[in-house]
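Thanks for coming. I have one structure to show today, and I will keep to what can be read off the coordinates.

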Amino acid sequence: MKLLKTYSALLTFIFALVFNAPLQAQCKDAVKEGINKLDPYSFNGQTNIVKVKEGKQADLRLVFYKGYNYKIQINTEQLFAEKVSFKIVDDSNNEIFNSDANGKKLDAFTFHSNSTQELKIIITSTEKGKERHCVAVLVGSQLPKNNSSVRYL
Amino acid sequence: MNTYLKNTSDLTASLNIEGEFMQSVAKRVTNNSNNIDSLKKIVSEVNVSTNLFLGENKMNNTTAIMAGGGWIEAMYVISKIADKTPNKAIISLIADQKFVIKNLVGQLENYKSDKEIETLLVDLQDIASIYNSLKQVAAQANAKSADEGMVSIGNNTSYELSAEQLKSILAKITALRNKITS
């Protein structure tokens with residue numbers, strides 16, 4: 001199964017390109033830093049980048065498998081971080097998490113997925129302006145410590 | 001691994017993709033072939049460069065095709081394994097692709113004016129129709145599955161995939177893969 005996972009990760013490796021632009025550097029740094037913040041969760045290898053225009057909203061949908069603990073980590077450039085909020089809603093549009101709910105801005109959410117499901121991550125910029133910023137959405141997973149009932153892969 | 005990298009280099013060269021960068025990535029992959037965490041980081045870096053390049057060059061349809069191709073290949077490998085050695089966890093993983101194919105079809109539909117994607121969509125929608133017939137069952141509630149203090153999200157259900165449905169998915173995935181690679 002480890003080999004299969006490696007193989008799956010490498011499937012995305014087929015195409016490689018060189019591209020040098022400030023936004024790319026910004027995105028790369030956001031991803032690298034975000035992956036480190038996932039610790040102790042294991043990075044799932046999928047890199048989700050959302051380009052958010054100041055004052056606008058962007059979203060993405062991700063699938064989470066049954067039986068795993070997950071950490072969703074949002075990361076962006078330091079100056080923009082305070083101007084970014086995110087919330088997570090389920091298939092029926094019920095709000096599951098809001099990064100601003102407790103008065104303190106959070107950049108990550110951890111949860112246990114009791115069924116395989118698709119969740120929508122909505123990222124909002126409160127900054128007023130016309131620039132675009134790179135926001136990395138990284139996912140880490142781990143088996144619950146008490147994993148007697150979970151699926152082993 | 002060497003054959004894989006050679007094929008990757010051939011493919012990227014045929015797409016006029018920068019050779020120097022590819023060579024450097026291939027070297028890093030070879031040096032870290034036994035380290036899954038390093039491989040994930042390398043793949044992630046390549047992914048970022050690729051996605052940004054394609055997005056900035058208004059080639060999001062290519063990104064969608066890549067996502068489709070990756071999913072088809074992974075499904076082909078996993079379905080073959082499930083067919084040879086039926087394993088509850090693997091069959092469950094295939095059933096869970098119900099969510100992924102829905103997401104994938106949705107993404108591809110944004111670019112259906114592209115002939116290649118339009119054709120791919122027909123085949124994927126055919127596979128999605130099998131997934132639409134999967135039966136939803138209530139999973140046994142087990143409070144112990146979540147660690148203490150951890151929020152548990154979901155509706156405690158799963159989807160059942162019959163042996164017939166598995167065979168049908170494998171046949172369609174194999175046919176689609178053959179169509180693409182031949």
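Predicted model: local features only at pLDDT ≥ 70, side-chain atom pairs only at ≥ 80, totals over all residues.

I start with chain B. It has 7 helices and 3 strands. Chain B has 182 residues, and 42% of them count as buried. If we take the contacts in chain B between residues at least 6 apart in sequence, 59% of these join residues at least 24 apart.

Now the helix pair, also in chain B. Two packed helices are described by the angle between their axes and the distance between the axes. The two here are helix 4 of chain B, residues 60–84, and helix 7 of chain B, residues 163–181. Their angle is about 135°, and the axes are 9 Å apart. An angle over 145 would count as roughly antiparallel; helix 4 and helix 7 of chain B are therefore oblique to each other. The crossing of helix 4 of chain B with helix 7 of chain B is left-handed.

Which residues make this contact between helix 4 and helix 7 of chain B? On the helix 4 side they include B:Trp71, B:Ile72, B:Met75 and B:Tyr76, along with B:Glu73, B:Lys80 and B:Asp83. On the helix 7 side, among them are B:Leu166, B:Ile169, B:Leu170, B:Ile173 and B:Ile180, and also B:Lys167 and B:Arg177. Sorted by class, the contact of helix 4 with helix 7 of chain B has 11 nonpolar residues, 2 polar and 5 charged.

Next, the aromatic rings. Over all chains, the structure holds 8 aromatic pairs. One of them is A:Phe109 with A:Phe111, a stacked pair at 5.3 Å centre to centre, with 15° between the planes. A:Phe109 and A:Phe111 are both buried. Another pair sits in chain B: B:Phe99 and B:Tyr159 are edge-to-face, 5.9 Å centre to centre, with 70° between the planes.

Back in chain A, A:Phe109 and A:Phe111 belong to one aromatic cluster, together with A:Phe64, A:Tyr68, A:Tyr70, A:Phe86 and A:Phe97.

Last, the backbone. Most residues other than glycine have a negative phi, and most peptide bonds are trans. Where does this model depart from that?

In chain A, the peptide bond from A:Asp39 to A:Pro40 is cis, with omega near 10°. A:Pro40 is in the loop between helix 2 (22–37) and strand 1 (42–43) of chain A.

A:Asn93 is not a glycine, yet its phi is positive, about 70°. A:Asn93 lies in the loop between strand 5 (84–89) and strand 6 (95–98) of chain A. Its relative accessibility is 55%, so A:Asn93 counts as exposed.

Chain B has B:Asn156, also with a positive phi, near 55°. B:Asn156 is in the loop between strand 2 (152–153) and strand 3 of chain B. With a relative accessible area of 30%, B:Asn156 is partly exposed.

That is what I have. I will take questions now.

Notes
Residues numbered from 1 in each chain as written. Chains lettered and ligands numbered in written order. Heavy atoms only, no water. Axes fitted to C-alpha atoms, helices over the stretch in contact; angles between N-to-C directions. Helix = DSSP H or I, 4+ residues; strand = E, 2+ residues; numbered from the N terminus. Parallel < 35°, antiparallel > 145°, perpendicular 65-115°, else oblique. Left-handed = near helix turned anticlockwise from the far one by under 90°. Contact = heavy atoms within 4.5 Å. Nonpolar A, V, L, I, M, F, W, Y, C, P; charged D, E, K, R; others polar. Phe/Tyr/Trp six-rings, centres within 6.5 Å; stacked < 30°, edge-to-face > 60°. Buried < 20%, exposed > 50% of the residue type's maximum accessible area, 1.4 Å probe, protein only.
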